[in-house]
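Biologist: I have a model open on my screen and would like to talk through the words used to describe it. Could you take my questions one at a time?

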Amino acid sequence: FTFTAKVATDPTALVKGLNSLRKDSQRISDLVEIGRGLEAALSKIDDLHKKPSSKGADASGEKQYRRAIDDLIAWSLSLDGYRLLISDNDREAAGAFTKALELRKEEKFFYLCRERILEKIGEYQKAKEDLDRLVELSPRDDALYLKRAALEEKMGDMDEALEDCTRAIEINAGSSEAYYQRGSIYEKADNLLLAINDYHRALEKNEKNTQAKVSLEQAYQKLGKRDTPKEYYDSLIARNPKQASAYYGRGIAYWAAGRYDKAIKDYDTVLELNPRDERAYLLRSIAYGRLGNYKKALSDYKKALEINPSQILDYGSFTKFYGDGENYARAISEFKKIKEMKAADAAG
């Protein structure tokens, strides 16, 4: 009872501790949760004090009172854990949440907090045990499966991570994040085709998922360096005719087969969907050059450089096409321009 009175009658110290922690915006939601827990425990104690006692209710009332006291102590321990955490006493902070869990073994919030601390200090197996317990307590919470999958990926347990992502998708089929996370794991496992499929699904669920957009583009670039059959891209285009990256990938497949005419048609489509795609202009210009159409090749190179003039040498010497077209005077003139722009570059 002395402990209860101290916490209840010293609100200044409690408020001071909470205010110092609120400076960290990432922990605000946790602090709100701690505040709710403390408030609920104090309110319960107050209600029990107000109830009239009777012989028949004494045993039940005492049990409820003891539980309310345990709740108050547990939530106070969680606050102590946060104080230790911001002081970089991570192991002591984890210990505070362990003590809180000894009093309240079913409190999910305490497991979440301890798991984050354990993961931070590299105690991955212990952190996973906390996530396992959380999944037992909330088997339909897809976010917990994704959180555990991220930890399993960090531990190198890719098969388990994929299983958890798949379980999250089964629970919440509309989760863009679940598809994206599984795609990322597939990519790390060097299964680009399955990764690309999941990135597409992630964008179908949420077209504003920027991580999925970037990852999809990078995956196509990796895939373009391999012997990927054009039929794979055909199936993607049939499924989503407005997916520019699929045309981009098929164009590379045609390119590898020497079908520059078909590659050009796919780059035409890419540019219809995104007129500012400098890479598509670059690749189409080279394809035109391979076919001997130097006029269109030069036009596309110029367009690419208009969009991104700083990449003039990354594109290679587009002036080569003047030479291939036997316009040597113009070729020399353009090489001189490159020399002026990049004076230290020997290629000029």
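Biologist: What share of the 348 residues in the protein is buried, and what makes a residue count as buried?

Modeller: In this predicted model, buried residues make up 43% of the 348. A residue joins that group if its relative accessible area is under 20%. The protein exposes about 19,400 Å², with carbon and sulfur atoms supplying 50% of that area.

Biologist: Thanks! How many helices and strands are there?

Modeller: The protein has 19 helices and 0 strands.

Biologist: Why are α6 and α7 called roughly antiparallel?

Modeller: Helix α6 (residues 108-120) and helix α7 (residues 124-137) pack at an angle of about 160°. Angles over 145 degrees count as roughly antiparallel, so α6 and α7 get that label. Their axes are 8 Å apart, and the crossing is left-handed. Among the residues making the contact are Y111, L112 and L118 of α6 and A127, L131 and L134 of α7. The contact divides into 8 nonpolar, no polar and 7 charged residues.

Biologist: Which residues of α8 and α10 make the contact?

Modeller: L146, A149, A150 and E153 of α8 meet E177, A178, Q181, I185 and K188 of α10. These residues divide into 5 nonpolar, 1 polar and 3 charged.

Notes
Residues are numbered from 1 along each chain as its sequence is written. This is a predicted model: local features need pLDDT of at least 70, side-chain atom pairs count only at pLDDT 80 or more; totals for chains, interfaces and linings use all residues. Side-chain values use heavy atoms; hydrogens and water are left out. Contact means heavy atoms within 4.5 Å. Helices (H or I, at least four residues) and strands (E, at least two) are DSSP runs, numbered from the N terminus. Ala, Val, Leu, Ile, Met, Phe, Trp, Tyr, Cys and Pro count as nonpolar, Asp, Glu, Lys and Arg as charged, and the others, Gly among them, as polar. Buried means under 20% relative accessible area, exposed over 50%, partly exposed in between (1.4 Å probe, protein chains only). Accessible areas come from the Shrake-Rupley method with a 1.4 Å probe; for residues, only the protein chains shown count as cover. Axes are lines fitted to C-alpha atoms, for helices over the stretch in contact, and angles run from 0 to 180 degrees between N-to-C directions. Angles under 35 degrees count as roughly parallel, over 145 as roughly antiparallel, 65 to 115 as roughly perpendicular and the rest as oblique. A crossing is left-handed if the near helix is turned anticlockwise from the far one by less than a right angle, and right-handed if clockwise.
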